[in-house]
Structures are given as C-alpha cells and as structure tokens.
Amino acid sequence: MNELIAIYQNPQAVITLSVLILAVVLFISGLLAPELTGLLSVALLMATGVLPPQKALAGFGSPALITLMGLFAVSAALFKSGALDRLRELIASENIRSPRRLIALLGFVVAPISGIVPNTPVVASLLPVIEAWCIRRKLSPSRVLLPLSFATVLGGTLTLLGSSVNLLVSDISAQLGYGSFDLFTFTSIGIPIWLIGTVYLLLAPQILLPDRGSINNEFSGSTDQTGYFTEVTIPDDSDLVGQSVRNSRLQRRFDVDVLELQRHRERFLPPLADKTIEPGDRLLLRVARADLLRLQQEHTVQLARSVDKQKTKFSDPNFLAGQKTVEVLLPSGSTLAGASLSELRFRQRHNATVLALRRGQQTVQERIGQAILREGDVLLLQAPLDSIRGLQASNDLLVLDQFENDLPTVRRKPIAIAIAIAMLIVPTISSIPLVSSVLIAVIAMVVGGCIRPVEVQRSIRLDVILLLGSLSSFSVAMNDTGLADIFANALEYWLEDLPTYFALLVIVLSTTIFTQVISNAASVAFLAPVAVQLAPGLNLPELALLIAVLFGASQSFLTPMGYQTNMMVFGPGRYRFLDVTRYGAGLTVLMTLIIPALILWQYGGS
C-alpha cells in the first residue's frame, strides 16, 4: 500500500508506470511491432516531460548500440566470405550420422561461434543444411532444430558480443552509473552455463523431441522447390572425380539437388546418391540463388555455357571481371516464349550468359539450352553493365533484381577471419575500447574487400537498433522518477528473510518468466533498474544483479516467442507450442538453479 501511495504522489512516476503498462500490453498483444512500441514509449516519455530529449535519446548514440551496428557488418562479412563453410560441410559429412552426434556438434562447435557472432544469422545459415541432413537420414527435423536454437542461445552468453541483449545490459549499466561491461565480463559464468546446458541437450530423453514427420522430397535434397536449374560439367582435375554424389563437396557444402547425370550419351536419373562422378560428367542441378553465386567461386566444376557450347570456370577472373549478375523475367507477351535459348542464340543476341533458369514450382528436366522458355520464367544472367541497360529497354525481358553485390568473397575468407580475431584480441590486451575495435574491424573488412560499403548499410538490423535504442530510456526514466526504488522496496519486502541464493533465484526466475511473455530486451529494460536497487540489501555489487537479469533474460527455452531463433526453427520443425515448453522446461529449471550459485561463486555473498 505504501508503494502505491508513493507512486500516486509522484506524477512523473505515474506517467512512467502508465507508459510501462501500455508497452507491456503492446508487446504481449503484438498490435504494434516491437520496435514501434519502443519508439512510441520513448516519444511519450519525452512528450510528457518525464525525460528531456537528450536523456531519452541517449541510447541511440550509446557505445553499446554503435558496437552492435558494427558487429552486424562484421558478421555479414564473415558469412559472405564463407567463414562457416567448413562447419556446413562438417554437418553434411558422413561422420555425423545420428541426432546425438549432430546435437553434440551444435553444442560444442556452433554454440561458441554464437558467442562472437549474433546467433540469428548463424541459425539462418545452418537451417537449410540441417534440413538437408534430415532428408538424407530420413529423420524428422523436429529431432534436431530445437537443439540448434537452444545451443545458439547458450553460446550467446559467452561474451559481450554474443547477443544484442548483452550489449543492452551493458548500456543500461553505463547509463545508471555503474560502467559498461568488458568483452569477457561474464564469460566465467557463461562457460559453465554453456557446458552444463550442452550436456543437458545431449542427455535429454529423445521422447522430449517429438517426431513431427520427415520432409518429403523426391530428389532427396533441398526443400526449396523454387530453386534455379543449371548445368555444370566436371573437369579432369576436379576433386569431385572418384567421389559419390552423396559424399562429394557439391552436396556436403551446398544446398544442391542433382536431378540428372549425363555421361557421354547416357542419362542417369535419381536416385544418384551412390553414383560415382567421372571427368566430363554433366550434372543438372537445382540450387538456391545464394549457393549458385557461391559456386561461381569454386574450382571443382565448370559452368556449362549451353547457349554457345562454351565452358567457363566459375571462378575465372577474366570472365567475372566487369560482369554483373541480374535476375530477369519473361513477361506476358514476350516474343522469347516458345523458343529455346539455343534457337534464340541468346548469348550473341543479348551479350548475356544464362547461368540458370527458375520456373515456379516446376522441375526443368531438359538441358538449359534446350528448355523451351515460357512466360513467367526467371533467368539468372551475367552480363556487362551496358548489356544490362539494353535488357532494361527490352519489352521481352523485365529486369527484376540486380544483386552482383551478393557475390561471395571466398578468396577473402582468411582476411575476414583474421580481422575478426584481431577485433576480439585488441581490446583484451590493450586499452582500446571495444567499440573502437569493432569500428576499425568494419573499415578493415571494407578495405580488405570482404564487404562493400553498401552492404555495411544493408547488414544493419534497423528494427533491432530502434528497439534497443528506445528501450534504454525506460531504465533511465524508472531510475530518475524513483519508480525503480519503489518496485525494489516492494520486492525487498518479500525477499528480506530469504538467503541471498534464493533471492537471486527469484530475480533470475522472474526475468525468465517475463522474457517468455515480452521480448528479452524489454524485460531487461524494465527489470535491470529494479534489480540493482536490491544490491545493498543482498550485500552484492550492482554488477552481480545486472548479470542475474542478463542470464535470466537469456534463458528463452519455454515458448516459441521467447527468442527469435526459437521462432526461426518453429515452422521448419513443425513444432507445436507445448513442444518447446516440454523440451525447454528441464533446461530452464537447471539454469535457474545454477545461475545464482555461479553468481555467488563469482561475486561472493551467502
């Protein structure tokens, strides 16, 4: 009752509480996108005079947010350079033959990667590879996709860079006057959490991961039925020679379906998994756009220039120099429909080379040069810029998209990896701030040719930036208006007779439950300023309470909405809502019991 009176007597506290309640309702209901809810909240706090613009908007210029923006670009450069190609190949190898082995790989290899690279792009990159693995093994993806999400969440608490929530807590800590976090501030707690969580993923009964059915794919490959169709030939010196289709790098590393193998005058149709590849073989492939562009960097195959019977190596610099990659559509009424590329002499006519053909949900079984074009077909072309301008003026072809900037930079992989390692080491062994190290790494990636300036801008997740920048104002408002003190006093009343361990357990569990309902960033912004007020009564440093909130917000194992990666695997795994709760409940209980003990071990207390 005294707390309610204290709030009622403070008009600014009443306004802040009202905005807080409105934000929680919007977060739960989903009436507005989370980033718009954050912007509305900060706007209301400024409009009502609770915070001046300088304080309310300080989060948008904070070192933590700038660090995150730079980290987006560094991560994009790493993925574009193929830094995870070896991992993708390892997953698809014959060494990983069971769900247990795959989960072990996810826990002990993928999770640490998520400690330095945001886990969302990690999951996005590995998801099609794991789906293809499930198809080859005739297993349900529901057996392994939740462990993929959970492993990346566990790895995200290894370093400050592992999650945007980590950077938000660091920012809130700085704004409340307790200083920002270092790169490895909570690593000593994160490592045991990661190892214990990984052991749980390995030992958890398989019955907790229901079999929701396998993916049906007659070609035993990618589930993407709208991929491009193209032809490649196998040169004499290719390292694919002598390998079976199943064990070749072509299928282990890339999301590729081999639809047909032509050898001299013989044609072999699926199943082709055990077929041995020989020099001169011609393969008809169905391949995703990203993998097709990556294949251009490989020396193991040659692109079959079926229009003029020329062959050019995918990575031939003389061919690629000055070439642009575009996607063109045959619109209704196109005079090209009804004829093949060979009949049209397409290359000579348009000075453009057809890399691949896409035809809705249909499979193109003919050789690319012999396929009869239809209205609605999409061609992937490479051509000089002048030729592309000519195509734009044509009524027979509609240029849909130009994405030459999406071409991979595989040759820059060592440079990208070296820059990322230096980015981590420099602030650890010197006085250079982390934000400075990250920004220098971004510039080095651009100068080193690992990423283009325009891609730096495209890599930044504006929704995340807007959400985190706006939510940090809540922590400041709650602290300045005394609302955090009022909530802390009420919470302290319930915790005063509890040992420090159980008090920390209540804080971690409360944050975990709050995170399942609204975003983890919002739960951190609301609860961090309250938790730090409890530090004196618990005889702990404020940093210990902030870390308790951070790890509580990171335990997103109970609902699909708890974390973005849970949502990413929810559909492909064909999960139901309670599947996540059933599998994640034991891990949540385990983490809730262990985290307070680790915090007390690190920071003292009783």
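User: Quick one to start: is Cys 450 buried or exposed?
Analyst: Cys 450 counts as buried because its relative accessibility is 0%, where buried means under 20% relative accessible area, exposed over 50% and partly exposed in between, with a 1.4 Å probe and protein chains only. This is a predicted model, in which local features need pLDDT of at least 70 and side-chain atom pairs count only at pLDDT 80 or more, while totals for chains, interfaces and linings use all residues. Residues are numbered from 1 along each chain as its sequence is written, and side-chain values use heavy atoms, leaving out hydrogens and water.

User: And why does Cys 134 count as buried?
Analyst: Cys 134 counts as buried because its relative accessibility is 1%.

User: How many disulfides turn up, then?
Analyst: A search of the whole structure finds 0 disulfides, a disulfide being a pair of cysteine sulfur atoms within 2.5 Å.

User: New topic: which strands pair with strand 2?
Analyst: Strand 2 pairs in the antiparallel sense with strand 4 (residues 282-287) over 6 bridges, and also in the antiparallel sense with strand 3 (residues 266-268) over 3 bridges. Strands here are DSSP runs (E, at least two residues), and helices are runs of H or I with at least four, numbered from the N terminus; two strands pair if DSSP finds at least two bridges between them.

User: What does Gln 262 face in strand 3 and strand 4?
Analyst: Gln 262 stands opposite Arg 267 in strand 3, and its bridge partner in strand 4 is Arg 282.

User: How many residues of strand 2 are buried?
Analyst: In strand 2 (residues 256-263), 8 of its 8 residues are buried.
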